[in-house]
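The following exercises concern the fold of one protein and are to be worked through in order. Each task is followed by a solution in steps.

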Amino acid sequence: MDGAQHREAEDHAEAEAQGKTAAGEHSIAELRAMSTADVAQNLRGVSAGMIVDGWIIPEDESITFAKGKQNKVDILVGSNRDEGTFFGGGNVTAEQAKTRAEKTFGSLAPDFLKLWPASTDAEASASGLARSRDEVGWHMRTWAELQTKKGGKAYVYYFTHVPPGSGARGASHTAEISYMYGNPRGAVWTDEDKKLSDIMTSYWANFIATGDPNGKGLPKWDAYNMKTNDGKAMVLGDTVEFGPQIDVPLLAFFDKFYA
């Protein structure tokens, strides 16, 4: 059994074990016989994630993209300025931050702590939020980079607008979705909110129709290009313009770590 097969077997066994535990120690046969409603009710708390089964998903998607085996399609991807408020990147002490850095990044921990310092508890919490923002942004930028290498076009956005009622959460993870669909979801939008949503729905509709978000009357959105605009994106905020997303040195750290 090679490494990929071993990992696949472990994933399969783990998924089955989680399903049995969450459903009250039912057998696999009993779980398979459950209705959709029963599954939805009884499997709460299961750690969801990508299941590499060798059929629908044959391997970790990062491997697929690294090999250039993904489909050649144009993509529109992006992240938000305050991703960390959703993923719990803050509320950490300086000591905890340093310990986590050493555990996660090993020999790269000193480099990490230079970019996301943790000399005080307040600094550690701020850096924790920034790290979440920057790492999610790195993933989106890397997705764009690998897709352009495949021959497709990629358009990257960076959402910075704080929705009404968000408070300290800011422009958190998923905050852009209601603007993308033009749906306030219970919030009372200002004229600025409506304007931003109109722009975003136009971008998305154009991309769906033509593979290019640009259109008449819209700020120009440049396609991703590693040589000319790495670290930049269409900033969707109080001002809509193509500009900085994640600083290149921060992207370079994750390039090195994930390599």
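**Exercise 1.** In what order do the strands of the open sheet lie, and what kind of pairing do they show?

*Solution.* The model is a predicted one, in which local features need pLDDT of at least 70, side-chain atom pairs count only at pLDDT 80 or more, and totals for chains, interfaces and linings use all residues. Residues are numbered from 1 along each chain as its sequence is written, and side-chain values use heavy atoms, with hydrogens and water left out.

Step 1. The open sheet contains four strands in the order 1-2-3-4, and the pairing is mixed. Strands (E, at least two residues) and helices (H or I, at least four residues) are DSSP runs numbered from the N terminus; two strands pair if DSSP finds at least two bridges between them.

Step 2. Strand 1 (75–80) and strand 4 (240–244) are the edge strands, each pairing on one side only. From one strand to the next, the twist averages 35°; axes are lines fitted to C-alpha atoms, for helices over the stretch in contact, and angles run from 0 to 180 degrees between N-to-C directions.

**Exercise 2.** Determine how helix 8 is placed relative to helix 12.

*Solution.* Step 1. The axes of helix 8 (residues 121–150) and helix 12 (residues 248–258) come within 10 Å and cross at roughly 70°. Helix 8 is therefore roughly perpendicular to helix 12, a class that covers 65 to 115 degrees, whereas angles under 35 count as roughly parallel, over 145 as roughly antiparallel and the rest as oblique.

Step 1. Residues in contact (heavy atoms within 4.5 Å) include Arg131, Asp134 and Trp138 in helix 8, and Leu250, Phe254 and Asp255 in helix 12.

**Exercise 3.** Which residues does valine 162 contact, leaving aside its neighbours within four places in sequence?

*Solution.* Step 1. Valine 162 belongs to the loop between strand 2 (154–159) and helix 9 (177–181).

Step 1. With that exclusion, the contacts of valine 162 are Arg81, Gly167, Gly170 and Ala171.

Step 2. The C-alpha atoms of valine 162 and serine 172 are 8.0 Å apart, although ten residues separate the two in sequence.

Step 3. Valine 162 is partly exposed, its relative accessible area being 34%.

**Exercise 4.** Summarise the protein as a whole.

*Solution.* Step 1. The secondary structure comprises twelve helices and four strands.

Step 1. Of its 259 residues, 36% count as buried.

Step 2. Among contacts between residues at least 6 apart in sequence, 62% join residues at least 24 apart.

Note on methods. Buried means under 20% relative accessible area, exposed over 50%, partly exposed in between (1.4 Å probe, protein chains only).
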